[in-house]
Amino acid sequence: MGGEGVETGQAAAGQGLGFPALARSEGGRRLAGAFERARQEGRAALVGYWMGGYPDLATSERALVHLARSGCDVLEVGVPFSDPVADGPVLQTAAAAALQRRVSLRGVLEMAGRVASPPEKGGSGVPVVIMTYYNPVFRMGEAEVARAMARYGLSGMIVPDLPVEEAAGLMAELQEQGLAWVSLAAPTGMSRLERVASASDGFVYAISRPGVTGARDDLAPQAKELVDALRRSTRLPVALGFGVAGARQAAAYRWADGVVVGSAFASTWMRAGDDVAAALEGIGQLASSIRDALARPAAGGGG
């Protein structure tokens with residue numbers, strides 16, 4: 001995919017096919033469908049990240065369902081790992097707390113499956129994508145991970161430390177189970193963007209700035225250039241992550257097809273201490289405010 005004559009994601013969606021028609025798997029169509037619904041509502045989609053097992057598995061399940069009910073269109077569930085090279089200090093703290101409770105990949109997948117279930121069964125009803133480092137996948141086995149994800153009704157996987165050039169085996173296992181491989185695209189890898197984007201399914205995750213995750217006060221000046229370059233290589237929706245702290249940054253990035261927010265939710269939770277009710281209220285209010293900020297101005301309006 002890519003090259004001369006390729007249209008932007010918005011242009012393709014505007015032809016009536018919508019983002020789901022661009023996905024290769026059932027999981028990819030669920031993810032792309034969430035972006036399409038947001039587009040039709042005149043806004044960018046909100047992807048909410050939460051560390052699976054933080055502060056414990058049962059409470060992380062409550063937090064994820066609450067984030068969906070407060071406005072998240074897609075949920076991204078992290079797997080705690082001892083060497084999280086892409087995570088900033090807030091998510092590292094969350095991962096360490098989960099690891100102290102001996103939270104495993106298998107446990108996170110099972111919990112995430114309950115989160116992905118329909119609301120009438122206590123779940124969120126929104127598509128769930130797993131973000132994990134490769135070591136836990138290697139230990140459990142690529143085929144077994146893919147089968148478990150399909151069994152639990154999950155939609156796809158993001159693996160930040162597995163380059164697409166080395167991911168053929170895992171991508172094949174995911175595809176076999178109808179699941180999406182979601183690529184991470186970084187501003188430091190502009191020469192690889194077409195290859196990275198063409199491997200992705202459901203959506204492409206654009207890293208707004210070099211470095212690790214974490215809320216920032218400033219905007220990433222290279223983010224627009226990165227997303228524009230991706231749109232020349234793929235018609236899939238592009239979600240922008242790393243550094244979105246709240247409604248102000250979300251509004252500034254609403255030209256993307258979606259934004260990913262993680263550390264800001266975890267920080268809000270941590271400030272509430274052991275008061276779970278206050279923590280849930282805090283992350284719910286933050287999700288609602290960000291979703292509102294992602295609304296795009298009507299044609300001819302400002303912003």
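**Getting to know a predicted fold**

Among contacts (heavy atoms within 4.5 Å) in the protein chain between residues at least 6 apart in sequence, 72% join residues at least 24 apart. This is a predicted model, where local features need pLDDT of at least 70, side-chain atom pairs count only at pLDDT 80 or more, and totals for chains, interfaces and linings use all residues. Residues are numbered from 1 along each chain as its sequence is written, and side-chain values use heavy atoms, leaving out hydrogens and water.

Q: Is A279 buried or exposed?
A: Let's start with where A279 sits: helix α13, residues 276–293. Helices (H or I, at least four residues) and strands (E, at least two) are DSSP runs, numbered from the N terminus. Buried means under 20% relative accessible area, exposed over 50%, and partly exposed in between, with a 1.4 Å probe and protein chains only. The relative accessible area of A279 is 0%, so A279 is buried.

Q: Which residues does A279 touch, not counting those up to four places away in sequence?
A: The C-alpha atoms of A279 and T268 are separated by 6.9 Å, although the two are 11 residues apart along the chain. Leaving out residues up to four places away in sequence, the ones A279 touches are W269 and A272.

Q: Which residues of strand β3 are buried on its two faces?
A: In a regular strand the side chains alternate between the two faces of the sheet. Strand β3 covers residues 128–131, and both of its faces are covered. The buried residues are V128 and I130 on one side, and on the other V129 and M131.
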